[in-house]
Every structure is written in structure tokens, then in C-alpha cells.
Amino acid sequence: MTETLAEAELYRPREAGYLTTVETDDGTIKLSGIAAEGAPEFGEDVLEAAISVLRQAGAPKPNLGAGFAVLHRGEEAWWLLVHWWLPGGIVSHGLWRADLGMTPPDFSPVPPGLMACVWELGVIDFERRAFMATAMAGAPLADYFASKMPRSRV
């Protein structure tokens, strides 16, 4: 076992923040973005590809009609995570990947086993806290949707 991680594995903060809200047949999804280099401002082709996946993916039943997603331009690939809030404070999970060189990205489902990286977990933590402070505290779901991740480093 190595004592320390290789230089390429060391943590370096990335810019993250709310991008847009996506309406689907199953409910509303807050979409946030992360970029390995620079601000998470993606071209329309990238956003359209991600939104198309979110609308086609469907949500588990029953769900609360509320979810969140993360679009991450990593160093080696695009990653798209979608989560739906389910009864009981449970969140579901789906994950897609696309090669960086494709325009627009062609997202494909990732086999089970992978969940999120350290940067994506920063957005997931924000959404967890927002859901607990709003919907799970008795506020309307509109308050959850109004709670958007500010531009920050994760």
C-alpha cells in the first residue's frame, strides 16, 4: 500500500454552481454544474444533451416530484448524475458518462457500482441540506427549488 497519493490524485478545488431548472414528466430537477478548469458555464449543445438525458431517464416510483442533477466536466469525461427524492428522505441515483471530445456529448449509462466523486459530493451535500431545511422541515417544495447552489468551490 502506498503512503500518499500520486500528484495527479491530489485534491484541487473546482468551480460549481446552479445552472438551470429542468421540467420532466416525473417532476422538477435542479441542475448544477462543476468544471475541472474554470467556471461551470457550458455551451448550449452540452446543456441540451444533458437535459435530454434527464427528461428521458425517468424517475423511480413513487417519488416526490423533486430531484437534482450534476453536470460535471471532469478531466477525462463528462459526467451526469441525477437524483430523485423519494418518500422517507431517500434519494435515488443514476449516472451517465460521455467522452470529452464529442460535441454534443453522447451520454451513456454507467454500470452499477460508481456513485460520485469528491467534487460531486459537494453538490450532493448542498442538496441534502437544502432538502432537509425546506421540504423536510414542512415548507413547500417551491422553497426547495428556490434554494440554488451559489457559485462556489467544491
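User: Which residues have the most contacts inside the largest nonpolar core, and what makes it a core?
Analyst: Leu31, Leu54, Leu71, Leu80 and Phe107 have the most contacts inside this core, which has 23 residues. The set is called a nonpolar core because its members are buried Ala, Val, Leu, Ile, Met, Phe, Trp, Tyr or Cys residues joined through side-chain atoms within 4.5 Å. Buried here means under 20% relative accessible area, with exposed over 50% and partly exposed in between (1.4 Å probe, protein chains only).

User: Good to know! What should I keep in mind about the model?
Analyst: It is predicted, so local features need pLDDT of at least 70 and side-chain atom pairs count only at pLDDT 80 or more, while totals for chains, interfaces and linings use all residues. Residues are numbered from 1 along each chain as its sequence is written, and side-chain values use heavy atoms, leaving out hydrogens and water.

User: What is Leu54 in contact with, beyond its neighbours within four places in sequence?
Analyst: Contact means heavy atoms within 4.5 Å, and Leu54 has such contacts with Val22, Thr24, Ile29, Leu31, Ala69, Leu80 and Val82. There is also a second, separate core of 18 residues, and Trp85, Leu95, Met149 and Val154 are among them.

User: What makes E4 "mostly covered"?
Analyst: Of the ten residues in E4, nine are buried.

User: How do you know that E3 and E4 pair?
Analyst: Two strands pair if DSSP finds at least two bridges between them; E3 and E4 have seven, in the antiparallel sense, so they qualify. Phe68 stands opposite His83 of E4, and three residues lie between the two strands in their hairpin.

User: Which strand pairs with E4 over six bridges?
Analyst: That is E6, again antiparallel, with Leu95 of E6 as the bridge partner of Leu81.

User: What joins E4 to strand E5?
Analyst: Two bridges do, and the strands run antiparallel. That count meets the limit of at least two, so E4 and E5 also pair. Trp85 has Val91 of E5 as its bridge partner. In the hairpin of E4 and E5, with three residues between the strands, Gly88 takes a positive phi near 85 degrees.

User: Why is His83 called buried?
Analyst: His83, in strand E4, has 4% relative accessibility, which is under 20%, so it counts as buried.

User: What joins the side chains of His83 and His93?
Analyst: A polar contact of 3.2 Å does. The term covers a pair of N or O atoms within 3.5 Å; within protein, one must be able to donate a hydrogen and the other to accept it, and residues adjacent in sequence count only if both atoms are side-chain atoms.

User: Is Ser92 buried or exposed?
Analyst: Ser92 is buried, because its relative accessible area of 14% is under 20%. Ser92 lies in the loop between E5 and E6 and touches Pro60, Val82, His83, Trp84 and Leu86, not counting residues up to four places away in sequence.

Note on methods: Helix = DSSP H or I, 4+ residues; strand = E, 2+ residues; numbered from the N terminus.
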